[in-house]
Each structure stands twice: as C-alpha cells, then as structure tokens.
Amino acid sequence: MSAILVTGADLAPQALALLEGFEMVYAGKTPTQDELLALCRTHDPVAIIVRYGKVDAAMIDAAPSLKVISKHGSGTDTIDKAGAQARGIEVVAAAGANASAVAEQALALMLACAKSVVTLDARMRGGHWDKATHKSLELHGRTVGLVGLGAIGQRFARMADAMGMRVLGFDPFAKDLPPWIEPATLEDLWRESDVISLHCPLTEDNRNLLDARTLARCKKGVIVVNTARGGLIDEEALLQAVQSGQVRSAGLDSFAVEPMTAGHPFQQEPRIVLSPHIGGVTGDAYVNMGTAAARNLLAVLARRAAAAAH
C-alpha cells in the first residue's frame, strides 16, 4: 500500500475519505525536520501533504517513490521547489481554499488597529473609562493599499470597498481586476495608503518588502496588516516605525520565525496586535484545504498513472 505523509497531526475526515486505499502517516503537531526526514526514510511516501515544517532537499532525496507534494493551503515557500523539479516531482497548492478565512482575519486585524480594540479592552478591565480622551480612526473614505491580488487579496478588497474605502492594488500578475480595485505602482501605494495589507507569497525578490526605507515613504500614521508571510516585513524596522509613530499600529498574523518565542519585542508593544498565524485556520477552511490538497495530489497521481500506461 502506497503511503501519504501528512506533516501534521490530522486531516479532515472529508479529505481522508478521498484518500481511502493509501496508508496515512502523520508527523504530529510540531514535527522537527529530523522527524520528517526519518518518516520519509521509513515509509517512502508517494505523496506529501504539507501542513507544518518544511519539505527540504534531504526529505525529497529520502523518498524515491515521491511523485507529488501537495500544500494544505496556498503558500509553497516552505517547499524546496527547485529540488522537487529536478526530480520531476510536482508541487501543487490549495489556492483559494482558505481565502475567506484569511481575508476575514485581515479585516479583523485592520479594524482592531483602527479602533484600538485590544488596548481599550485592557484599559476597561483596568477600571478606566477613556471616552473623553480616546479617538479611534474612521476607515470610511480612507485608502487601503493591497500588495497581492490573488483570491485572498481580492476578497479583502471587496470587504474594504463595502466599507467605503478606496482600494489601491499592486500585483504584476493579476489580470481582469474588478472595478473597485485601482491598479497602482508600489511607490503610489506607499505614498497614498492609510492602511497597507500584504497578501502576496514570499519570494527572494520581496523579502523585507516593508523595511525602514519603504516604511519611511508611507504616510505618517499608516496601519500595517500582514496575514501573508512574516519574511515580507523587516520586524526591527516595523517596531521602530511603530515606536516613532510613523506606523500608527500593526496587525500581524505571521512572523519571520514561527512559533514566536517568549521575549519577542513585539510582545511588549501595545500598538501591535498579534495572532498566531491562524488566519486560515477555521473549521470550514480546514475542510476546504484538506479536500483540495487531497484532490490535487490524486489528480497528479492519476495523470502520472495514465502517462505510464501509454
């Protein structure tokens, strides 16, 4: 029986129903690279479903039967795509399966920043009543700049448009944009946006896209939201920009190093709202991503089997 390695502890029952007939191997909730490598050596999987950790060159080498690497989600930056390509292994992603979930998280973080939700909650619990002194930010009529206009970015754009915000978008690969998104250069986006929200994959070209230089070009008091990848932001530069007031506040769901460890400087900064990379983690998205990952890998295996038969 061919094995499928899941780099996590579980998979939605609906996804497992699609994968009947395969031996399912689970790596657990927080697998180390050594553990993942050992599982590849022991089980020689025909497919890997990627939830946590990385799929590196050593894992690919340790699985001679491997034909497909299927991401339980949309971002494939944790997969050695060059190593896979060299072996003729296909890399597929469940694009759009968690789009609603992540877009809603971005909206929640933007609102939390604009309305000081977390700070005011803490003040109320401390016995304070800040009605006379606090003013939150009204988003209606303000400009939000989106970097990345895939399924998540476009869904978030619709939400922002419905709130009466002007939506600027930068994405060199996006075509046929809806009328509520104004295409913009990055320079225009930095200069004109009251809120900047990141929705692009992490590549070597855009690593530290938001750094001291780009943050200085933004409007004073800009809100920064990141539900994409932590490596898109120079964290030290963002912290300094928040402390100086150049950035009003930031809502972050992803970080350069995950999981975040105790003592991270963001934890002491009340104007940074934090969530543990759970934008795409809802009950519905769990099912959607699992079934999409399963269907994607089955499609590759079926195509490979058909090609081998000819």
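Modeller: Gladly! Contact here means heavy atoms within 4.5 Å, and buried means under 20% relative accessible area, exposed over 50%, partly exposed in between (1.4 Å probe, protein chains only). Helices (H or I, at least four residues) and strands (E, at least two) are DSSP runs, numbered from the N terminus. This is a predicted model, where local features need pLDDT of at least 70 and side-chain atom pairs count only at pLDDT 80 or more, while totals for chains, interfaces and linings use all residues. Residues are numbered from 1 along each chain as its sequence is written, and side-chain values use heavy atoms, with hydrogens and water left out.

Colleague: What do the buried residues of H7 pack against?

Modeller: Those buried residues are Ile-152, Gly-153, Phe-156, Ala-157 and Ala-160. The packing partners of the buried residues are helix H5 (99-114), strand E6 (143-147), E7 and strand E9 (195-198).

Colleague: Which residue's backbone nitrogen does a side-chain oxygen of Asp-234 reach at the start of H10?

Modeller: Helix H10 (residues 235-244) has buried Glu-235, Ala-237, Leu-238, Leu-239, Ala-241 and Val-242. Their cover includes helix H9 (212-217) and strand E10 (222-226). At the start of H10, the side-chain oxygen of Asp-234 comes to within 3.2 Å of the backbone nitrogen of Glu-236.

Colleague: How many disulfides does the count come to?

Modeller: A disulfide is a pair of cysteine sulfur atoms within 2.5 Å. For Cys-200, which is buried at 11% relative accessible area, the closest cysteine sulfur, in Cys-218, is 14 Å away, too far for a bond. By this rule, the number of disulfides is zero.

Colleague: Does Ala-174 count as buried, exposed or partly exposed?

Modeller: Ala-174 lies in the loop between strand E7 (166-170) and strand E8 (182-183). Because its relative accessibility is 23%, Ala-174 counts as partly exposed.

Conventions:
A polar contact is a pair of N or O atoms within 3.5 Å; within protein, one must be able to donate a hydrogen and the other to accept it, and residues adjacent in sequence count only if both atoms are side-chain atoms.
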